[in-house]
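The following exercises are to be worked through with the sequence and the three-dimensional structure at hand. Each task is followed by a solution in steps.

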Amino acid sequence: MPGFDQISIARGCRLAIAGLGGLLVAAAPALARSVPAEGSATIRVALGGDLIGPLHPMNRLTDRAFAEVAELFRTADIGFANQENSVFDLKGFMGYPAAENGGGQPLRYASHARDMKDMGLSLVSVANNHATDFGPEGLTATLRNLSAAGIVAGGAGLSDVAARGPVYVDSPKGAVALVATASTFPPLAVAGSAIERHGISSQTRPGISSLHVRKVRLLPRRQFEAVRQAVGPLALPEGDGFRIDDQLFRPGPAAAMHWEMKPDDRDALLAAVGEARQRADLVMFSIHAHETAGDAEAPTVPFNPMVLQRANEAASPNDPRPANFQVELFHSVVDRGADIVARHGPHIIAGIEIFKGKPIFYGLGSLFLDFGGDRILDAPSGEKIYVPDSWFDGFVPICTFVAGRLERIDLYPITLESHAGERSGSPSLAHGDHAHAILQTLKKLSAPFGTEIEIVGDIGVITVRA
């Protein structure tokens, strides 16, 4: 099987990854911070949300509405989105559908990668709950096809080190880095290091960069003790709390739900952002995170561990408020050097924060969402997912940086075709009342973060003052 490039390193340095036969990763040489080309102090980055589908070819020459959205990415210096489909031709595929998946197994032909490149996407995250729907072989094939099309993919690789580390795109305006991860994923998806047995090292395990999080129930001390006494031996001691099955309880000032990050995962991500800051002119951080501030649990499914259910949808998936760990993490990555922070996963839009002059997008929605017109989806775990109208509204922000400083963000509202047909799941620019409604929703969701959005015609504008 031929080799492929996993990432494109700025100024000609490349990290070469061999095919499945060898799974060998060559060390990437150190990359000095590049000097932007003369007269190119302005860089524009267009961001899209999730790519699920389309089930049909993307053709901007015959689909005028899609062409208008593609032009937003084609005219930007960097186009970014989250690639949730596997991208390979099933005919001749030597792997297998995975026993654990992210709630389905969306698959696009290998030619889909070229369509993505044609629409202006040069950088994608593949760290998400669908990355290993077809096992490590499917992930590796996807990375190969994206690379062959000239798309740099972050957040996954042939080892934990490769998946966690930054990837780079070289542009005429300078080097752009991406550090990508996911907090919503099946356990099978996590990349791993080699192990040694009998003096022989195994190969590393392909997978994604993972941020393990857990939900903690905080209870007032009296209630905490009452619950612990009531469940007796079912309460397994853990730190200052106890665990019942996979639910952790801790004492707190009031009853609340709280998310905790695994410290080792968090620290490794911050280190990767710091490394990228030393090597690139602009640093992006993205996460695939279904977790929200909501607390309405999905219906339990018999004989299915919650960890597998949460690999698909977390509690309250349509709550636009971010989980507490996301705010904490995003502020930390900005402090470490990230210029743009983007969250995807929930198929709804969420608010925008300008933190220390850097944009944080708490929910980009979807860029493609093709369910063939279905509104009730049967997840492999047994859950039924009901698709609301809000899943088909989104937006494309274009961030303009001048001499390294964010000056403005232009917000282009989009609508996705929800019905079956030749445009199923495809985006169009929203106009008139629909555009205004999407922008008003963004204004409302961004207001708690102190972000002001001016509506100018069919677009929103955020002006960032020095």
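**Exercise 1.** In which loop is the place of serine 159? Determine also whether serine 159 is buried or exposed, and list its contacts beyond the neighbours within four places in sequence.

*Solution.* The model is a predicted one.
- Step 1: serine 159 belongs to the loop that runs between β9 (156-157) and α4 (160-164).
- Step 2: the relative accessible area of serine 159 is 7%. Buried means under 20%, so serine 159 is buried.
- Step 3: a polar atom of the serine 159 side chain lies 3.1 Å from the backbone nitrogen of alanine 162.
- Step 4: with neighbours within four places in sequence left aside, serine 159 is in contact with Ala191, Gly192, Thr204 and Arg205.

**Exercise 2.** Locate glycine 294 and state how far its C-alpha is from that of proline 317.

*Solution.*
- Step 1: the loop between β20 (282-288) and α7 (306-309) contains glycine 294.
- Step 2: glycine 294 has a relative accessibility of 5% and therefore counts as buried.
- Step 3: proline 317 is 23 residues from glycine 294 in sequence, and their C-alpha atoms are 7.7 Å apart.
- Step 4: apart from neighbours within four places in sequence, the contacts of glycine 294 are Met257, Ala315, Ser316, Asp319 and Arg321.

**Exercise 3.** How many aromatic pairs does the structure hold? Classify the pair formed by phenylalanine 371 and tryptophan 391.

*Solution.*
- Step 1: the structure holds 12 aromatic pairs.
- Step 2: for phenylalanine 371 and tryptophan 391, the ring centres are 6.4 Å apart and the planes stand at 55°, so this pair is tilted.
- Step 3: phenylalanine 371 is in the loop between β24 (366-369) and β25 (376-378), while tryptophan 391 is in the loop between β26 (384-386) and β27 (393-402); the pair therefore ties together parts 20 residues apart in sequence.
- Step 4: phenylalanine 371 and tryptophan 391 are both buried.
- Step 5: elsewhere, ring pairs join Phe285, Phe330, Tyr362 and Phe449 in a cluster.

**Exercise 4.** Describe the backbone at proline 54, aspartate 245 and lysine 356.

*Solution.*
- Step 1: recall that most residues other than glycine have a negative phi, and that most peptide bonds are trans.
- Step 2: glycine 53 and proline 54 are joined by a cis peptide bond with an omega of about 5°. Proline 54 is part of the loop between β3 (42-52) and α1 (64-74).
- Step 3: aspartate 245, although not a glycine, has a positive phi of about 60°. Aspartate 245 lies in the loop between β17 (241-244) and β18 (247-251) and is exposed, with a relative accessible area of 61%.
- Step 4: lysine 356, likewise not a glycine, has a positive phi of about 55°. The loop between β22 (352-355) and β23 (358-361) holds lysine 356, which is exposed at a relative accessible area of 61%.

**Exercise 5.** What volume does the second largest pocket have, and which residues lie nearest its centre?

*Solution.*
- Step 1: the second largest pocket holds about 380 Å³ of space.
- Step 2: its lining comprises 25 residues, and Ile52, Gly103, His130, Phe371 and Leu377 lie nearest the centre.
- Step 3: at least two lining residues come from each of β6 (107-108) and β25.
- Step 4: by class, the lining consists of 9 nonpolar, 11 polar and 5 charged residues.

How values were computed: Residues are numbered from 1 along each chain as its sequence is written. This is a predicted model: local features need pLDDT of at least 70, side-chain atom pairs count only at pLDDT 80 or more; totals for chains, interfaces and linings use all residues. Side-chain values use heavy atoms; hydrogens and water are left out. Helices (H or I, at least four residues) and strands (E, at least two) are DSSP runs, numbered from the N terminus. Buried means under 20% relative accessible area, exposed over 50%, partly exposed in between (1.4 Å probe, protein chains only). A polar contact is a pair of N or O atoms within 3.5 Å; within protein, one must be able to donate a hydrogen and the other to accept it, and residues adjacent in sequence count only if both atoms are side-chain atoms. Contact means heavy atoms within 4.5 Å. Rings of Phe, Tyr and Trp (its six-membered ring) pair if their centres lie within 6.5 Å; planes under 30 degrees apart count as stacked, over 60 as edge-to-face and the rest as tilted. On a 1 Å grid over the protein atoms alone, a cavity is a set of points where a 1.4 Å probe fits but cannot get out, and a pocket is an open set with protein on both sides within 12 Å along at least five of seven lines; lining residues have an atom within 4 Å of a point. Grid points are joined across faces, edges and corners, and a volume is the space filled by probe spheres set on the points. Ala, Val, Leu, Ile, Met, Phe, Trp, Tyr, Cys and Pro count as nonpolar, Asp, Glu, Lys and Arg as charged, and the others, Gly among them, as polar.
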